[in-house]
Amino acid sequence: MQSRLTHLNSDNTTPEQQRVLTKILKGPRGNLDGPFLAWVHSPELADPAQELGAYCRYHTRIPLRLSELAILTTAVCWQSQAEWQIHEPIAHQAGISKQITEAIRVGSEPVFANADEQLVYQLTTSLYNTKRIPDDLYQQAVNHFGESALVDLIGILGYYSLVAMTLNAFEVRRNTDQPLPFKEAF
């Protein structure tokens, strides 16, 4: 990973930064992919953010297939290159088809075979596009997922919006020759 922030190494990290780095590297992720490269510059932010991220990524009531769909929808909303590159393969492994991810990436309406995927997509796009969820869609989601899982889903969207903004602001990029999924605005 690369970013516009100063590269941290053993010579220029504080003890708090080193503690956070060690915690992240020994955690379920085992790497600094994504926003952690930036967040470690502020250990006070990195600590709670990475704990929230661990919950959102590994422990919610939302199945991985659906959380990855929500993450990709977030990546498109923010045009977050690294977020898309990291999560698209995970979404495919979790069962989201390449036709669906490609439609989402290019801004077309995906055709879903699974009603729960359609529901997650409608919720996320409604919230991102209108900043609200209409009553009928909200009630559908509560009936399908339950209130606790719906709260988890909204938490996933909020957390991955923070991730996307971090990646975009600090130009965090993967070191890959893979083409960028979104056209650069500048």
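How much space lies in the second largest pocket? In this predicted model, in which residues are numbered from 1 along each chain as its sequence is written, local features need pLDDT of at least 70 and side-chain atom pairs count only at pLDDT 80 or more, while totals for chains, interfaces and linings use all residues. Side-chain values use heavy atoms, with hydrogens and water left out.

The second largest pocket holds about 250 Å³ of space. Its lining comprises 17 residues, of which Arg29, Asp33, Arg57, Ile86 and His87 are the closest to the centre. A pocket is here an open set of points, on a 1 Å grid over the protein atoms alone, where a 1.4 Å probe fits, with protein on both sides within 12 Å along at least five of seven lines, and lining residues have an atom within 4 Å of a point. Points are joined across faces, edges and corners, and the volume is the space filled by probe spheres set on them. Helix H3 (43–58), helix H5 (81–94) and helix H9 each supply at least two residues of this lining, helices being DSSP runs of H or I with at least four residues, numbered from the N terminus. By class, the lining divides into nine nonpolar, four polar and four charged residues, where Ala, Val, Leu, Ile, Met, Phe, Trp, Tyr, Cys and Pro count as nonpolar, Asp, Glu, Lys and Arg as charged, and the others, Gly among them, as polar.

The largest pocket contains about 300 Å³ of space, and its lining includes Arg4, Trp78, Asn168, Lys183 and Phe186. Three nonpolar, three polar and five charged residues make up that lining.

Leaving out residues up to four places away in sequence, Leu123 touches Ile133, Leu137, Ala141, Phe145, Leu150 and Leu153, contact meaning heavy atoms within 4.5 Å.

Thr166 is also found in helix H9 and, at 7% relative accessibility, counts as buried, a term that denotes under 20% relative accessible area (1.4 Å probe, protein chains only). Beyond four places in sequence, Thr166 touches Pro35, Ala38, Trp39 and Val172. Pro35, in the loop between helix H1 (15–26) and helix H2 (36–39), is buried with a relative accessible area of 4%; with the same exclusion of neighbours within four places, Pro35 is in contact with Val163, Thr166 and Leu167.

Key: Buried < 20%, exposed > 50% of the residue type's maximum accessible area, 1.4 Å probe, protein only.
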